[in-house]
There are 6 protein chains.
Amino acid sequence: MRPSGRAPDEMRAITIETGFTKHAEGSCLVSFGDTRVLCTASIEERIPPWLRGKGEGWVTGEYSMLPRSTHTRSSREAARGKQSGRTQEIQRLIGRSLRAVVDLKKLGERQITLDCDVIQADGGTRTASISGAWVALRLAVNGLIEAGSLTEDPITGQVAAISCGIFEGTPVLDLDYPEDSSAEADANFVLIEGGQIAEVQATAEGATYDEEGLLRLLRLARIGCDEIFAAQRDAVK
Amino acid sequence: MRPSGRAPDEMRAITIETGFTKHAEGSCLVSFGDTRVLCTASIEERIPPWLRGKGEGWVTGEYSMLPRSTHTRSSREAARGKQSGRTQEIQRLIGRSLRAVVDLKKLGERQITLDCDVIQADGGTRTASISGAWVALRLAVNGLIEAGSLTEDPITGQVAAISCGIFEGTPVLDLDYPEDSSAEADANFVLIEGGQIAEVQATAEGATYDEEGLLRLLRLARIGCDEIFAAQRDAVK
Amino acid sequence: MRPSGRAPDEMRAITIETGFTKHAEGSCLVSFGDTRVLCTASIEERIPPWLRGKGEGWVTGEYSMLPRSTHTRSSREAARGKQSGRTQEIQRLIGRSLRAVVDLKKLGERQITLDCDVIQADGGTRTASISGAWVALRLAVNGLIEAGSLTEDPITGQVAAISCGIFEGTPVLDLDYPEDSSAEADANFVLIEGGQIAEVQATAEGATYDEEGLLRLLRLARIGCDEIFAAQRDAVK
Amino acid sequence: MRPSGRAPDEMRAITIETGFTKHAEGSCLVSFGDTRVLCTASIEERIPPWLRGKGEGWVTGEYSMLPRSTHTRSSREAARGKQSGRTQEIQRLIGRSLRAVVDLKKLGERQITLDCDVIQADGGTRTASISGAWVALRLAVNGLIEAGSLTEDPITGQVAAISCGIFEGTPVLDLDYPEDSSAEADANFVLIEGGQIAEVQATAEGATYDEEGLLRLLRLARIGCDEIFAAQRDAVK
Amino acid sequence: MRPSGRAPDEMRAITIETGFTKHAEGSCLVSFGDTRVLCTASIEERIPPWLRGKGEGWVTGEYSMLPRSTHTRSSREAARGKQSGRTQEIQRLIGRSLRAVVDLKKLGERQITLDCDVIQADGGTRTASISGAWVALRLAVNGLIEAGSLTEDPITGQVAAISCGIFEGTPVLDLDYPEDSSAEADANFVLIEGGQIAEVQATAEGATYDEEGLLRLLRLARIGCDEIFAAQRDAVK
Amino acid sequence: MRPSGRAPDEMRAITIETGFTKHAEGSCLVSFGDTRVLCTASIEERIPPWLRGKGEGWVTGEYSMLPRSTHTRSSREAARGKQSGRTQEIQRLIGRSLRAVVDLKKLGERQITLDCDVIQADGGTRTASISGAWVALRLAVNGLIEAGSLTEDPITGQVAAISCGIFEGTPVLDLDYPEDSSAEADANFVLIEGGQIAEVQATAEGATYDEEGLLRLLRLARIGCDEIFAAQRDAVK
C-alpha cells in the first residue's frame with residue numbers, strides 16, 4: 001500500500017492555474033498534489049552569442065527551489081554563490097525537454113526562458129516543472145502569434161513528464177516525497193503527446209532493475225502523461 | 001493625480017493569505033495591490049557561531065526577487081554567483097526591522113529566518129516583505145508557545161513598513177511602480193505599533209527635500225502603517 | 001557624559017589634507033578625530049554601458065576598510081572573494097550622495113569614481129567618506145574646468161554627511177566608536193549646503209525613537225554639517 | 001554506414017592499462033578507440049560530515065576534461081571559477097554508478113574518490129570513465145583486502161557503461177565523436193554484470209524514439225558491456 | 001648521499017614522447033624520472049583584447065596538477081572555485097619563459113596557449129613543464145610554417161628549466177620530491193640555449209645562501225639544461 | 001642617464017614613519033621616493049589549522065594596491081571577486097621573506113599577519129613592502145616582549161628587499177616606474193643583514209642576461225639593502 005492510499009497507477013490531483021503572474025508572457029502555477037511550481041515563460045528578442053547569424057531561436061530552462069519549499073530550510077543558492085549540481089542537471093533537462101517540441105527555425109531569432117520556481121516540494125518537482133513549463137511556453141507563443149510576430153506555430157506538440165518508481169517492490173506512478181525518499185528505483189520519463197519518448201532518466205541507487213521493470217515503469221508513465229496532456233489542453237484553452 | 005487614481009494618502013488593497021506553504025513554521029502571501037511576496041518563517045534550533053553561549057536567539061531575513069517578478073526578466077542571482085548590493089541591503093533591513101520587536105533573550109537559543117521571495121513586483125517590495133514577515137514570525141512563535149517550547153512571548157509588538165514619496169510635487173503614500181520610477185524623492189519607514197520609529201531610509205536622488213517634507217512623509221507613513229497593523233492583526237487571529 | 005568629554009553638539013576635530021596622492025585627479029585624506037579616510041576621484045573618459053548614447057556622465061563610489069583599520073583585524077574582502085553587504089550598502093550611499101550635487105548632463109560622457117579607503121576607523125567612516133569625497137570630486141572637476149574640458153560647472157553645491165545618535169539617553173553629534181557601539185539609535189544624515197536633505201538613514205536596533213527624537217538628531221546634524229561645509233571650502237580654496 | 005566503417009554492433013578497441021600512475025591506490029588509463037581517460041581511485045580514512053556515526057563509507061566521482069582533450073581548446077574550469085553543469089552531471093553519474101556495486105557498510109568508515117580525467121576525447125568519455133573507474137576501484141579495494149584493512153569484499157559485482165544512439169536511422173553501439181555530434185538520439189546505459197540495469201539516460205534532442213527504439217539500444221548496450229566486463233576482468237587479474 | 005643514489009650533478013632520466021594527444025597542434029609527455037607532465041600547444045587565431053591592433057601575437061601558459069598526481073589527493077581547483085597562488089605563480093612563469101624565445105611580431109596576430117597538466121608529480125613539475133612546453137610550441141610552430149601560415153620562424157632559440165638546491169649541505173641538480181621537501185634552499189633556473197639566463201627564482205625558506213652558493217647552483221643548472229636542450233632537439237627532429 | 005637623474009647605484013629617498021595607525025600592534029608608512037606603502041603587523045592568538053599542536057607560530061603577508069595608487073585606476077580586487085596572480089605571488093613572497101628571519105618555535109602559538117597596502121605606486125612596491133613589513137613586525141614583537149608574552153626574541157635578524165635592473169644597457173639600483181616599465185631585465189633581491197641571500201627573483205621578459213649581469217645586479221642590491229637596514233634600525237630605535 002502507498003502511504004497516500006493511492007492505487008499504483010493513480011496520479012495525484014493535477015491543477016494548472018494560468019496567468020499566475022502578470023509580467024511574464026506566459027505563466028502558470030502547476031500543482032501535482034502538494035508539489036507546487038510557478039512556471040513563467042519570458043520572451044527576449046535576443047539570442048545566445050553562439051546562435052548568432054543562424055536564423056534560429058533558443059528555448060532554455062532555469063530551476064530553483066525556494067529555501068523553505070522543503071521540510072527543512074535549505075540555504076539559498078544565491079547566498080552560497082553557486083547553483084548545485086542537482087539544480088544544473090534539472091535545468092538542463094527542462095531546456096532539452098521543451099526544445100524537443102519546438103522548431104527553433106520557426107521560432108526566429110528570439111529566446112524563451114522557462115523559469116521554474118518551486119514554491120512547495122512534495123516529490124516530482126522536476127517533472128511538474130516540465131509539464132507546467134509547456135503551458136507557459138504555449139501561452140507565450142500564442143501571444144506572439146496573436147501579435148503577428150509569428151506566422152507559423154513553432155510548437156510541434158505537447159511534452160509532459162512524470163516520475164515512476166519501485167516502492168516496496170511495486171511499480172508506482174507519480175511518487176510523492178515519502179515514496180521518493182525510500183523507493184528502490186526511480187525513473188523520470190519525458191514523453192511527447194502521441195507516444196514518442198523524449199527522455200528517460202532511470203536511476204537505481206543501491207538497487208537495480210531489469211528490462212521488464214523498465215518497461216513496466218514506462219507503461220505507468222504513459223498513463224500519467226496522458227492525464228497531464230489533458231490537463232495541459234484544458235489549461236491553455 | 002496619481003496614475004492609479006488613488007488619493008495621496010490612499011493605500012493599495014492589502015491582503016494577507018496565511019498558511020500559503022505547508023512546510024514553514026509560519027508563512028503568508030502578502031499583497032499590496034499587484035506586489036506579492038511570499039514570506040516564510042523557519043525555526044532552527046541552532047544559532048550563528050558568534051552568538052554561542054550568550055543564551056540568546058537570532059532573527060534574520062533573506063530576500064529575493066523571482067527572475068520574472070518584474071517587467072523584464074532579470075538574471076537569477078544564483079546563476080550570476082552573487083547577490084546584488086540592493087538584495088543585501090534589503091535583507092539586512094528586514095532582519096533589523098523584525099529584531100526591533102523581538103526580545104532575543106526570551107527567544108532562547110534558536111534562529112528564525114524570514115525568507116521574503118517576491119512573486120510579483122509593482123513597487124514597495126521591501127516594505128511588503130517586512131509587513132508580511134511579521135505575520136510569518138508571529139505564526140511561527142505562536143507555534144512555539146503552543147508546543148510549550150516557549151513560556152514567555154518574545155515578540156514585543158507589531159512592526160510594519162511602507163514607502164512614501166514625492167510624486168509630481170505631491171507627497172503620496174504607498175508608491176506603486178509607475179510612481180516609484182519617477183518620484184523625486186522616496187522614503188521607506190519602518191514603524192512600531194504605538195508610534196515609535198524603527199527605521200527611516202529617505203533618499204533623494206537628484207532632488208532633495210526639507211524638514212517639513214520629511215515630516216509630511218512620516219505622517220503619511222503613520223496612516224499607512226495603521227492600516228497594515230490592522231491587516232496583520234486580522235491575519236493572525 | 002560622552003566618553004571623549006565632548007559636549008553633545010560638539011564635533012571631533014576635522015582636518016582635510018588635499019593632494020594626498022599624486023596620481024588621482026583629486027584626492028584628500030579626511031580626518032574626523034581618529035577616523036581617517038583616503039578619498040580619491042578618478043576621471044575616466046568612458047561611461048557604464050546602460051548610459052551610452054544619453055549624453056550624460058556618471059558619478060559612483062567605492063568603499064573599503066583596510067584589514068587593520070579596526071581594533072581587531074578583519075579578513076580582506078578580496079581574499080574572501082566578495083564584498084560584504086555593509087560595504088555594498090555604504091558604497092551605494094556614497095554614490096547617491098555625490099550624485100545629489102552633480103548635474104550629470106553638464107558632466108558630459110565621462111565617469112568619476114570616488115574611492116574611499118578607510119586607513120583608520122573610529123566611528124563615522126561612511127559619513128567621513130562622503131564629506132571627503134566631495135572635496136576630491138571638487139578638485140577633480142576643477143581640473144577639468146582648468147583644462148578646458150568643461151565649460152560649465154556640473155557641481156551644483158556642497159554635500160556633507162554626519163552621524164548622530166542617542167547615547168545614554170542623550171542625542172549626540174558625530175559618534176565615535178565607543179559611542180557608536182553602545183548607542184540606542186543611530187542616524188546618518190546627508191545634507192546639502194543651504195539646508196536641503198539628500199538622505200536620512202535612521203536605524204534603531206533594539207530601541208526605537210519618536211518624531212521628536214528624529215528631529216533633534218536632524219538639528220544636531222545641521223550643526224555638524226555646517227562645520228564640515230566650512231572645512232570643505234577651506235580645503236578646496 | 002558508420003564513418004569509422006564499424007558494424008552497427010561493433011565496439012571500438014578497448015584497452016585498459018593498469019598502474020598508470022604510482023601514487024593512487026588504484027589507477028588505469030582506459031581507451032575506447034581514441035577516447036582516453038585516466039581513472040584513479042584514492043582512499044581516504046575519513047567520510048563526509050553527513051555520514052558520520054553511521055558506520056558506513058562513501059564512494060564518489062569527479063570528472064574533468066583537460067583543456068585540449070577536444071578538437072578546439074576549452075577554457076579551464078579552474079580558471080573560470082566553476083564547474084559546468086555538464087561536468088557536475090557526469091560526476092554525479094559516475095558516483096551513483098559505482099555505488100550501485102559497493103556495499104557501503106562493508107567498506108567501513110572510509111571514502112574512495114574516483115577521479116576521471118579525460119586526456120583525449122572522441123565521444124563516450126563519461127561511459128569510458130565509469131568503465132575505467134570500476135577497474136581503479138577494484139584495484140584499490142584489493143589493496144585494502146591484501147593489507148588486512150578489510151576482511152569482507154565490499155564490491156558486489158562489476159559495473160560498466162556504454163553509449164548507443166540512432167545514427168542516420170540505424171541504432172549503433174559505442175558512438176564516436178563524428179557519430180555523437182550528429183546522432184538523432186543518444187542513450188547512456190550503466191549495466192551490472194549479470195544483466196541488471198543501474199542507470200539509463202536516454203535523450204532525444206530534436207528527434208524522439210519509441211519503446212522499440214529504446215529496447216534496441218538497450219540490447220546493443222548489453223553486447224557492448226559484455227565486452228567491457230571481459231576487458232575489466234582481464235585488467236584486474 | 002642523495003636518496004636516489006644519484007651523483008650531485010646527475011639528472012634523472014629524461015624522456016619526451018611527442019604527439020601524445022591528437023587534437024593539439026603540438027604535444028608531448030615529458031618525464032623527468034617519475035615526474036610526468038602532459039604539455040600541449042593550442043593555436044588560436046585571436047589575441048587578448050589589450051593586444052589588438054598592435055600586429056603582435058601572444059604566448060601564454062596554464063598549469064594544473066591532477067588531483068591524484070601527488071602522494072595524497074588534493075582537492076580539484078575547479079571544485080574549490082579558484083586557482084591557488086602557487087598555480088598562478090607557476091603559470092605566469094611558464095608564459096614568461098616561453099615568451100623569452102619568441103618574437104611576438106613574427107608570430108602574427110595569433111595566440112598559443114601552453115597547457116601543462118601534471119599527470120604524476122615527483123618534484124620539479126614547473127621546470128619539467130617549461131622544458132616540455134618548448135617542445136610542444138616548437139611542433140605547433142613547425143605546423144604553421146609547413147602550412148605556409150608563417151614565412152619566418154618566430155622562435156629565436158631553445159629554453160629549458162631545471163631546479164637545483166642545497167640538500168644536506170651539498171648543492172645538487174634536479175631535485176626529486178624527497179630532496180625537495182627537505183632541501184635547505186631551492187632554486188629554479190630558466191636558461192636559454194647558448195648560455196643566457198631568462199629567469200632565476202632562488203628561495204631560502206628558513207635557511208639562506210651566499211653569492212658563492214647561488215653561483216654553484218647556477219653552474220649545476222647549466223649542466224642540467226644542456227642535457228635538456230639535447231633531449232628537446234632529439235624530440236623535435 | 002636615468003630619467004630621475006640618479007646615479008646608477010643611487011637609491012631614492014627612504015623614509016619610514018612608524019606608528020602610522022593606532023590599532024595595529026606595529027605599523028609604518030614606508031616611502032621609497034613616491035612609492036608609499038602602509039605596513040601593519042597584526043598579532044592573533046591563533047594559528048592556521050595545519051600548524052596546530054606543533055608548538056609553533058606563523059608569519060604571513062597580504063598585499064593590495066589601492067585602486068588609484070597607480071597612474072590609471074585599476075578595478076578593486078574585492079569587486080572583481082578574486083585576487084590577481086600578481087597579488088598572490090607578491091603576498092607569498094612577503095610571507096616567505098619575513099619568515100626567513102623569524103624562529104617560529106620561539107614565536108609560540110600565535111600568528112602575525114603583515115598587511116602591505118600600497119597608497120601610491122611608483123615602482124618597487126613589493127620590495128618596499130618587505131622592507132617596511134620588517135619594521136612593523138619588529139615593533140609588534142617588541143610589544144610582546146615588553147608585555148612579557150615572549151621571553152626570547154624570535155626575530156633572528158633584519159631582512160630587506162630592493163629591485164635592480166638593466167636600464168638602457170646599464171645596471172641600476174632601485175627602479176622607479178619609468179625605469180621599471182622599460183627595463184630589459186628586472187630582479188628583486190631579498191637580503192639578510194650580514195650578507196646572506198633569502199630570495200632572488202630575476203626575470204628577463206624579452207631580453208636575457210648572463211652570469212656577470214646577475215652578479216652586478218646582486219652587488220647593487222647589497223648597496224641598496226645596506227641603506228635600508230640603516231633606515232630600519234633608525235625607525236625602530
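In what order do the strands of the open sheet of 8 strands follow one another? The order is β7(E)-β6(E)-β8(E)-β9(E)-β9(F)-β8(F)-β6(F)-β7(F), and the pairing is antiparallel.

This is a predicted model in which local features need pLDDT of at least 70 and side-chain atom pairs count only at pLDDT 80 or more, while totals for chains, interfaces and linings use all residues. Residues are numbered from 1 along each chain as its sequence is written, chains are lettered from A and ligands numbered from 1 in the order in which they are written, and side-chain values use heavy atoms, with hydrogens and water left out.

View 1. Strands are DSSP runs of E with at least two residues, helices are runs of H or I with at least four, and both are numbered from the N terminus; two strands pair if DSSP finds at least two bridges between them.

**View 2. Strands β6 and β8 of chain E.** Antiparallel strands β6 (residues 159-167) and β8 (residues 185-192) of chain E are joined by 8 bridges. E:Ser163 has E:Asn188 in β8(E) as its bridge partner.

**View 3. Helix α4 of chain E.** Helix α4 (residues 125-146) of chain E has 22 residues and spans 31 Å from first C-alpha to last, close to the 32 Å expected at 1.5 Å a residue (1.5 Å times one less than the number of residues). Just after α4(E), E:Gly148 has a positive phi of about 80°.
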